[in-house]
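Subject: Structure handover

Hello,

Here is the structure we spoke about, with notes on what was found in it. Please read the notes alongside the model.

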Amino acid sequence: MSELLLSIDVGTQSVRALAFDLRGEIRGKAQIHIEPYFSSQPGWAEQEPQLYWNSIGKACAQLWADGAVAPAQIAGMSLTTQRATSVCIGADDQPLRPAIVWLDQRRTENLKPVGGLWGMAFKLAGMSDAIAHFQGEAEANWLATQQPELWAKTRRFVLLSSYLNHLLVGEWLDSVGAQVGYLPFDFKRLQWAKDSDWKWRGLPIRREQLVDLLPPGSPLGGLTATAAAHLGLPSGLPVIAGAADKACEVLGAGCVSPDVACLSFGTTATINTTVQKYVEVVPFVPPYPAAVPGAYNTEIQIYRGFWMVSWFKRQFAQREQQIADERGIAPEELFDELLRQVPPGSMGLTLQPYWSPGVREPGPEAKGAIIGFGDVHTRAHIYRSILEGLAYALREGSERIEKRSSKIHRLRVAGGGSQSDGAMQLTADIFGKPAERPHVYETSGLGAAINAAVGLGLHGDYAGAVAAMTRTGEVFEPDPQARRTYDQLYRRVYKKMYRQLQPLYKEIREITGYPP
C-alpha cells in the first residue's frame, strides 16, 4: 500500500527529496548541494532554472538508490521552494534568461511614481518612499527597463515554484501559499489584485503573464510522463499544492495558532505566528500567506540574520576551522564552546543586527552596531553578542505581534541555528519562555508533507494532520538568573539603541552614500 509522502524542498543552497510517513517521521532523505547563485555583475544573484529541475531529479534518484524507500510506496507529493526567485518564460514555455534569485540586490532608479488617487493617498499616509522602494526592488521593473526586448518576449513572469510545478504537472498552476515576491498579489484577499489595485500601476506585469492560483492542499494534477521519468515515479502520481519554504516551516513546526510562535534561525531570521485574520504587524507591511488555506503568517524578518554567523566564521573563526578540519567535523560544532566561555549578556557587549537596511522599521538608513566594548572582550564575546542581538530583535518582533494579535505562550525554533544548544538556551532566557525544537529538523519539508497528507485525504484536516505529524523534541527552559540579566539589557539598552543611533546612521548615509 502507498503510505508515504514525498516532499521536494528547493532551497537556496540545496535541493532535498524527503519521504515522510503519516506520523511525520522521515523514512528517507537525499540532498543535492547547489551553488546558491552566480554573479555577472556586482550585487547580482542569478541561477539557471534548469539547475533546480535537474537537482530534483538527482535527489530523487539518490533517494531511491539508498534503498530505504521505494517509489511504489509514495502516495503523492508536494513542493516547497525558496521565496521571491523569479523566472521569465517565453512562448515555448522555456526560460528566456537565468532566474533572478531572492538574494539579488539590483534596483531600478528614477521610475515614474504611482500617480492619481493612489499617489495622493500614499503621500498623505507617508508611504511614498515605501511604494518607491517596492517599485525599485521589483525584478519586473528592472527587466522592463534594462532588457525591454526580452521583457516583450516574456509570455509568463513566474516564481520558481510556478515554474517547477509546471514541469511536474504540465499546467501553469501554483499555490497561493507560495506567492511572496514583487507581484500584483493581494495579500489580504489571498489572490491576484483587482484591476483597480495600485500594484498594476507600479509594475509592468500583465494578468495574462501570471499563473492560476489554488489554496495549499489543493490537487495541482498528476505527474506528466516526462516528469515521472525524471523523478523515477509513476506517471499520474498526485501533486498537491504546498507553499513557500518559510510558510511550510511554520506549518511543519506545528505553529498553527496565534499563541505559538515559530522562530527560524536561518539566513533570514524570522518570527511567525499563524492567524486567521489579516493583521499588519508593521503598518502597511502585509502578512504573508500561510501554508494553511485562508490563513496568514505574521512574519517579522531580520534580513541576513544567521548569515552573521557565517560572517563571523569567515572573519574570526580560523582556529575553529583548523581544529574542525583536523577532527573531520563542521566548525559550527565547536561554536557552542565559544558560547560557554562567556556569561549571559556578553559582559555588556550588545549587538543591533541591522546588517542590511529595511524599508520602514528599521528604515533604509539602518546599520548594524556593537556597543559596550572593553578590554575584557574577545571574539567569543562577539559571537555570543551576535546570537543575543538576533534573539533581542526577534523578541522585539514578538512584542509587535502580541500588540496586534494574541499573547505568545510557546516558542518553536527551526532552521540551521536551532541545532546549537547554546543558541536554544539563550533564546529561552531572552524571551523568558521555553524554547522547543521540533521533533525533526526538516520542518519545511514536513510542512509540504502535511499539505500532501490533507490534500490526499490521508488526514481529514489540518488540525488532525498537525496533531499526528508534529511534536516537540528537546525543550530548553529559561534560567531565572540569565533571564533577569537579559531582561534588563533588553529593556534598558537594546530597545533604545536604534532610536538613539538613527540620527547618526542618517549622517553616515548622507556622507558616504551607503546604504544607497
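Cysteine 255 is buried, at 0% relative accessible area; buried means under 20% relative accessible area, exposed over 50%, and partly exposed in between, with a 1.4 Å probe and protein chains only. Before the rest, two notes on the source. This is a predicted model, in which local features need pLDDT of at least 70 and side-chain atom pairs count only at pLDDT 80 or more, while totals for chains, interfaces and linings use all residues. Residues are numbered from 1 along each chain as its sequence is written, and side-chain values use heavy atoms, with hydrogens and water left out.

Cysteines

The structure holds 0 disulfides, a disulfide being a pair of cysteine sulfur atoms within 2.5 Å. For cysteine 255, the closest cysteine sulfur is that of cysteine 262, at 4.5 Å, which is too far for a bond. Cysteine 60 is also too far from a partner, because its closest cysteine sulfur, in cysteine 248, is 16 Å away. Cysteine 60 counts as buried, with 0% relative accessibility.

Strands

Helices (H or I, at least four residues) and strands (E, at least two) are DSSP runs, numbered from the N terminus. Two strands pair if DSSP finds at least two bridges between them.

Strand β2 (residues 14-20) and strand β3 (residues 26-33) run antiparallel and are joined by 7 bridges. One of the bridge pairs is valine 15 with isoleucine 32 in β3. β2 and β3 form a hairpin with 5 residues between them, and glycine 24 in the turn has a positive phi of about 80°.

There is also an open sheet of 3 strands, in the order β17-β19-β18, with antiparallel pairing. β17 (274-275) and β18 (288-289) are at the edges with a single partner strand each, so one side of each has no neighbour in the sheet. The antiparallel pairing of β17 with β19 (residues 296-297) has 2 bridges, and valine 275 has tyrosine 296 as its bridge partner in β19.

Helices

In helix α6 (residues 160-169), 9 of the 10 residues are buried, so the helix is largely enclosed by the rest of the structure. Among the buried residues of α6 are Tyr163, Asn165 and His166. Glycine 170 follows α6 and has a positive phi, near 80°.

Valine 309 is in helix α10 (residues 307-316) and is buried, with a relative accessible area of 11%. Valine 309 is 26 residues from phenylalanine 335 in sequence, and their C-alpha atoms are 9.8 Å apart in space.

Arginine 395 is in helix α13 and counts as buried at 7% relative accessibility. A polar atom of the arginine 395 side chain lies 2.9 Å from the backbone oxygen of isoleucine 430.

The second largest pocket

A pocket is an open set of points on a 1 Å grid over the protein atoms alone where a 1.4 Å probe fits, with protein on both sides within 12 Å along at least five of seven lines; lining residues have an atom within 4 Å of a point. The second largest pocket holds about 160 Å³ of space. Two elements give two or more residues to its lining, α13 (379-404) and α17 (480-512). The largest share, 5 residues, comes from α13. The lining is made up of Val281, Glu396, Glu399, Arg400, Lys403, Arg404, Tyr490 and Lys495.

Regards

Key: Grid points are joined across faces, edges and corners, and a volume is the space filled by probe spheres set on the points. A polar contact is a pair of N or O atoms within 3.5 Å; within protein, one must be able to donate a hydrogen and the other to accept it, and residues adjacent in sequence count only if both atoms are side-chain atoms.
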